[in-house]
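Hi everyone, thanks for making the time today. I'd like to walk you through one model, so let me put it on the screen.

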Amino acid sequence: MKYHIIGNGVFIGPGVITSPYVKIDDLVTISRKVSIDHHTSIGKFTTINPGCNIAGGSVIGSNTTIGMGSNIVNDINIGSNTIIGAGSLVTKDIPDNVMAFGVPAKIIKKIKPY
């Protein structure tokens with residue numbers, strides 16, 4: 001992986017901080033005051049809302065929404081078509097097609113894939 005890889009049509013809001021070796025795929029929206037640490041990968045069509053912190057080595061799937069003020073600890077995989085509720089603390093991997101929230105984040109329900 002190169003230093004940074006940023007896809008087409010990516011929106012990065014003011015106050016966003018990224019560390020080295022971050023990969024952001026096409027059509028991702030990253031709102032203001034988001035922190036993304038080293039060796040993190042973000043899939044297509046993902047939205048990261050204001051004030052989120054994503055620790056190093058995390059992988060976020062495509063078409064996923066990370067709610068405002070959420071924190072994701074090191075080396076976490078969040079699946080595609082997944083919603084993480086606002087203010088959540090993600091301490092373990094979250095699979096595809098679910099909604100999860102809380103401290104720590106727990107799966108609340110399954111979502112039908114598109």
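**A serine, a sheet and a salt bridge**

Let's begin with S31: leaving aside residues up to four places away in sequence, S31 is in contact with G13, V16, I48, N49 and P50. Please keep in mind that this is a predicted model.

Where does S31 lie? You'll find S31 in the loop that runs between β5, residues 29-30, and β6, residues 35-36. And is S31 buried or exposed? S31 has a relative accessibility of 15%, so S31 counts as buried, given that buried means under 20%.

Now, on to the sheet. β5 belongs to an open sheet of seven strands, with mixed pairing and the order β2-β5-β8-β11-β14-β16-β17. Which strands stand at the edges? Those are β2, residues 11-12, and β17, residues 106-110. Each has a single partner strand, so one side of each has no neighbour in the sheet.

Further in, have a look at β8, residues 47-48, and β11, residues 65-66: the two pair in the parallel sense, over two bridges.

Last topic, the charges. How many salt bridges does a search of the whole structure find? The search finds one. The partners are D25 and K23, whose side chains meet at 3.7 Å, N to O. As for K23, its relative accessibility is 26%, so K23 counts as partly exposed.

That's my tour, and I'm happy to take questions!

Definitions and conventions: Residues numbered from 1 in each chain as written. Predicted model: local features only at pLDDT ≥ 70, side-chain atom pairs only at ≥ 80, totals over all residues. Heavy atoms only, no water. Helix = DSSP H or I, 4+ residues; strand = E, 2+ residues; numbered from the N terminus. Buried < 20%, exposed > 50% of the residue type's maximum accessible area, 1.4 Å probe, protein only. Contact = heavy atoms within 4.5 Å. Salt bridge = Lys/Arg side-chain N within 4 Å of Asp/Glu carboxyl O. Pairing = 2+ DSSP bridges.
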